[in-house]
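User: I have a structure open and want to learn how to read its features. Can you walk me through it?

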Amino acid sequence: MALRKIITSENPILRQKAKKVHRFDPSLQKLVDDMFETMHDANGVGLAAPQIGMSIRIFVAEYEDRRVAVFNPEIVKAEGEALGTEGCLSIPGYAGDNIRRAVKVVVKGQDVRGKSIRLNAEGWFARILQHEIDHLNGILFIDRLDRPEDLRELPPAEDLQEENIALVE
């Protein structure tokens with residue numbers, strides 16, 4: 001496994017729609033392993049391939065007892081709406097408040113071998129999945145802010161625990 005460099009918002013790849021994965025080979029497992037390692041090292045809960053400079057449709061996410069790597073994800077059902085706070089490893093030092101997301105989602109996609117999978121998620125895990133799928137479509141959480149004042153600067157990283165802020169990724 002290897003740590004990958006997380007790119008930040010000024011990189012244009014984050015604004016592009018990522019390409020679908022068609023070829024599933026053993027190299028993808030190494031990519032997934034590297035993405036999980038990179039995400040953990042950065043204290044994130046999700047990471048999309050464009051964030052490490054790869055314009056392909058894959059993300060990894062981990063929250064509580066759920067750990068997933070999803071290729072070619074698509075939201076096929078969304079229910080409810082909730083406002084929440086999100087941060088992003090590609091937009092360090094900032095968080096957005098009052099970001100609207102569905103409360104429940106059903107996501108279909110493929111696993112690392114290309115086999116079809118379906119995820120049912122609600123609450124925080126649903127928010128994470130929606131955030132990561134946005135990355136694959138060139139959308140950042142700042143694009144979902146209704147008001148500019150909902151973007152705020154975060155305190156230094158050591159103060160995040162005291163603020164009880166969990167970064168989406």
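**Rings and a helix**

Analyst: Buried means under 20% relative accessible area, exposed over 50%, and partly exposed in between (1.4 Å probe, protein chains only). This is a predicted model, where local features need pLDDT of at least 70, side-chain atom pairs count only at pLDDT 80 or more, and totals for chains, interfaces and linings use all residues. Residues are numbered from 1 along each chain as its sequence is written, and side-chain values use heavy atoms, with hydrogens and water left out.

User: How many aromatic pairs are there?

Analyst: A pair of aromatic rings is described by the distance of the centres and the angle of the planes. Rings of Phe, Tyr and Trp (its six-membered ring) pair if their centres lie within 6.5 Å; planes under 30 degrees apart count as stacked, over 60 as edge-to-face and the rest as tilted. The count here is one aromatic pair. F24 and F71 have ring centres 5.5 Å apart and planes at 65 degrees, so they pair edge-to-face. F24 is partly exposed, with a relative accessible area of 23%.

User: Which residues of α2 are buried?

Analyst: Helices are DSSP runs of H or I, at least four residues, numbered from the N terminus. In α2, the buried ones include F125, I128, L129 and L136. In total 12 of its 14 residues are buried, so α2 is largely enclosed by the rest of the structure. After α2 comes G138, with a positive phi near 75 degrees.

Note on methods:
Helix = DSSP H or I, 4+ residues; strand = E, 2+ residues; numbered from the N terminus.
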